[in-house]
Amino acid sequence: MVTCRAAYKGFADIVRLLLFLDANGKHQDKEGFIPLHWAAIRGNLTACRILVQAGKKDDLMMTDNSGLTPQQHASDRNHQQVTNFLGNARKLHYEGGIFGKLSKLRLAAALVCVIFMLLLTYINSVIMASNFPTLTDVSAFFAWIGVILATTGLILFYRKDPGYIKSNRNDSKDTRDDEPLLKLELRDPAILAGKWTRLCAACKIIQPLEAEHCDTCERCVEQLDHHCPLISNCIAKKNKWDFLGFLVLEVFAMMITGIVSLTRIVRDPWAPSSIGGWLLHVGYQHVGVVLFLVSDIFLLICVSIFTYVQISQYNVDDFQDKYIWKASTIARVSSVWSCRQYA
Ligand SMILES: [Zn+2]
Ligand SMILES: [Zn+2]
């Protein structure tokens with residue numbers, strides 16, 4: 001009941017500590033309320049977020065003695081932010097089983113399908129189309145570079161570990177007061193000093209600095225930037241520069257494939273010389289190329305803007321730390337190796 005009281009009062013850090021210690025006690029009070037009801041009644045978004053992260057998905061649909069869920073209580077009292085948050089959490093968490101997993105993957109799967117369909121259209125209608133002259137070796141090399149860049153970007157980046165932190169979950173029911181891990185964590189100076197904001201009640205860990213909990217992945221992640229639904233993965237410490245690399249590769253791929261497609265229809269020797277005749281010829285003979293070009297240009301504009309926004313948010317020092325250091329280490333190792341060869 002202490003958790004209910006803390007949730008009602010909006011003491012987010014105390015809620016966090018109690019959940020971290022599994023000191024939730026009896027789940028429902030005499031009115032049938034769980035702590036999430038109390039946090040929703042007071043419209044405390046932070047407490048709601050902590051309780052949803054650490055709680056069970058059934059909490060979102062739990063009804064009190066009068067048959068109301070936490071979301072309905074928040075809605076009745078016009079706590080719009082809390083209502084929206086609980087509604088989104090219900091959509092995300094309550095779609096359990098295979099359908100829930102599919103819903104989390106659908107955008108990533110759609111992205112892969114769109115890219116492969118565009119690539120197939122490009123290969124079929126631009127590179128290998130029988131109604132165009134055969135490409136020269138140099139032009140074919142340039143045309144295939146676009147395909148290679150697009151697939152490489154996707155394969156290299158897809159589903160890479162963004163920097164997940166190992167959680168201490170699944171042992172909560174068996175946790176005893178004298179368990180070494182818990183005692184060690186409770187001796188942490190930050191905890192003793194009352195800095196409980198670093199506790200993740202869901203993962204049962206003390207978060208390192210700059211780590212955050214991702215609600216979609218249900219894990220804590222180092223230097224979380226955001227969760228990208230397009231690739232169904234977090235963008236964080238370990239993959240944020242790879243994500244940028246993926247975007248840049250896709251931009252170059254779209255530029256190259258766009259230039260090749262445009263050159264193919266403009267230089268088509270079988271097209272009439274008049275503009276009207278040329279438009280009719282392209283419309284009838286090269287529908288696939290036109291569709292590909294429209295999609296390609298649209299995506300190029302969207303992804304370029306997104307890439308620019310990503311670059312402007314990134315800290316260049318991180319890039320230097322990660323890649324310049326690696327490059328200098330490789331150079332040093334190779335120079336030592338070459339010296340040994342001559343010795
Ligand atoms: Zn966490
Ligand atoms: Zn995530």
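Glutamate 222 is partly exposed, because its relative accessible area is 25%, where buried means under 20% relative accessible area, exposed over 50% and partly exposed in between, computed with a 1.4 Å probe and with protein chains only. The structure is a predicted model, in which local features need pLDDT of at least 70 and side-chain atom pairs count only at pLDDT 80 or more, while totals for chains, interfaces and linings use all residues. Residues are numbered from 1 along each chain as its sequence is written, chains are lettered from A and ligands numbered from 1 in the order in which they are written, and side-chain values use heavy atoms, with hydrogens and water left out.

**Salt bridges**

The side chain of glutamate 222 meets that of lysine 237 in a salt bridge, with 3.4 Å from N to O; the term stands for a side-chain nitrogen of Lys or Arg within 4 Å of a carboxyl oxygen of Asp or Glu. This pair links distant parts of the chain, since glutamate 222 sits in the loop between β4 (219-221) and β5 (226-228) and lysine 237 in the loop between β6 and α11, 15 residues apart. Helices (H or I, at least four residues) and strands (E, at least two) are DSSP runs, numbered from the N terminus. Lysine 237 is partly exposed, with a relative accessible area of 37%.

Two salt bridges are found in a search of the whole structure. Lysine 238 and aspartate 161 also meet through their side chains in a salt bridge, at 3.6 Å from N to O. Side chains of opposite charge can pair when their charged atoms come close.

| Ion | Protein donors | Distance to the ion |
|---|---|---|
| zinc ion (ligand 1) | Cys200 (SG), Cys203 (SG), His213 (ND1), Cys220 (SG) | 2.0 to 2.3 Å |
| zinc ion (ligand 2) | Cys214 (SG), Cys217 (SG), His227 (ND1), Cys234 (SG) | 2.1 to 2.3 Å |

Around the zinc ion (ligand 1), the four donor atoms subtend angles of 101 to 122°, and the arrangement is therefore tetrahedral, a word used for four donors if all angles lie between 85 and 135 degrees. The site of the zinc ion (ligand 2) is tetrahedral, with angles of 102 to 122° among its four donor atoms. Cysteine 234 is buried, with a relative accessible area of 0%, and both histidine 213 and cysteine 220 are buried.

Helix α11 holds glutamate 250, which is buried with a relative accessible area of 8%. Not counting residues up to four places away in sequence, glutamate 250 touches Ile115, Leu149, Ala150, Gly153 and Leu154, where contact means heavy atoms within 4.5 Å.

Phenylalanine 252 also has its place in helix α11, but at 44% relative accessibility phenylalanine 252 counts as partly exposed.

Seven of the eight residues of helix α3 (residues 35-42) are buried, so this helix is largely enclosed by the rest of the structure. The buried residues of α3 are Pro35, Leu36, His37, Trp38, Ala39, Ala40 and Ile41. Just after α3, glycine 43 takes a positive phi of about 70°.

**A loop residue**

Asparagine 65 lies in the loop between α4 (45-54) and α5 (70-76) and counts as exposed, at 60% relative accessibility. Leaving aside neighbours within four places in sequence, asparagine 65 is in contact with Lys30, Glu31 and Gly32.

Definitions and conventions. Donors are N, O and S atoms within 2.8 Å of the metal (3.2 Å for Na, K and Ca); water is not among the atoms, so sites may look incomplete. Four donors count as tetrahedral if all angles lie between 85 and 135 degrees; four count as square planar and six as octahedral if opposite donors are over 155 degrees apart and all others between 65 and 115; anything else is irregular.
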